[in-house]
Amino acid sequence: MATETIVVQGQPACLFTVRYPGAGDREVSWNGDECGAVKGAIVTPDLLAAGGQLADLSPAARRDMERMRSGVFVVEGEFSASAYPLNVADRIYEVPYAD
């Protein structure tokens, strides 16, 4: 995983480059914070479920997250958190799970 602080619409943002096994590099942008203010990590679905983060997700988002047994990329900011799973079309998307 690589990070770079960039500017999006005049505001700081953290650009993460994430590599999922077999899927190549994907970019994730966390807007509103510089990279030093957020934490990105690969977390297993079991750990997210144990922490209750999967409980309120849509069934489709929950399935996508649970399917990623080796881990899903998550970003935690000061006030919110999101996961970035791959869907069945092999596209990465944002799933907010904490405010």
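Visitor: In which order do four strands form an open sheet?
Guide: This is a predicted model: local features need pLDDT of at least 70, side-chain atom pairs count only at pLDDT 80 or more, and totals for chains, interfaces and linings use all residues. Residues are numbered from 1 along each chain as its sequence is written, and side-chain values use heavy atoms, without hydrogens and water. Strands are DSSP runs (E, at least two residues; helices are H or I, at least four), numbered from the N terminus, and two strands pair if DSSP finds at least two bridges between them. The pairing is antiparallel, and the order is β4-β5-β6-β7.

Visitor: Which strands stand at the edges, and why is one side of each left without a neighbour in the sheet?
Guide: An edge strand here has a single partner strand, so one side of it has no neighbour in the sheet. The two strands in that position are β4 (39-43) and β7 (95-98).

Visitor: Which aromatic cluster is formed?
Guide: Rings of Phe, Tyr and Trp (its six-membered ring) pair if their centres lie within 6.5 Å; planes under 30 degrees apart are stacked, over 60 edge-to-face, the rest tilted. The count comes to two aromatic pairs. In one of them, the rings of F73 and Y84 have centres 6.1 Å apart and planes at 40°, so this pair is tilted. One cluster is formed by F16, F73 and Y84.

Visitor: How many residues apart in sequence are the parts that the pair of F73 and Y84 ties together?
Guide: Both residues are buried (under 20% relative accessible area; exposed is over 50%, partly exposed in between; 1.4 Å probe, protein chains only): F73 at 0% and Y84 at 4%. F73 lies in β5 and Y84 in β6, so the pair joins parts separated by 11 residues.

Visitor: In β3, what is the bridge partner of F16?
Guide: Three strands form an open antiparallel sheet in the order β1-β2-β3. Its edge strands are β1 (2-8) and β3, each pairing on one side only. Eight bridges join β2 (residues 11-20) to β3. In β3, F16 has as its bridge partner V28.

Visitor: Is R26 buried or exposed?
Guide: R26 is found in strand β3 (residues 24-31). Its relative accessibility is 16%, so R26 counts as buried.

Visitor: Which backbone oxygen lies 2.7 Å from a polar atom of the side chain of R26?
Guide: Contact means heavy atoms within 4.5 Å. Leaving aside neighbours within four places in sequence, R26 is in contact with residues including F16, L86 and D90. The backbone oxygen of A23 lies 2.8 Å from a polar atom of the R26 side chain. At 2.7 Å lies the backbone oxygen of D90.

Visitor: What is the radius of gyration of the chain?
Guide: The chain has two helices and seven strands, in the pattern β-β-β-β-α-α-β-β-β. The globule rule (2.2 Å times the number of residues to the power 0.38, with the radius taken over C-alpha atoms) gives 13 Å for 99 residues. The chain comes close to that value, so it is as compact as a globular protein of that length, with a radius of gyration of 13 Å.

Conventions. Polar contact = N/O pair within 3.5 Å; in protein donor to acceptor, adjacent residues only side chain to side chain.
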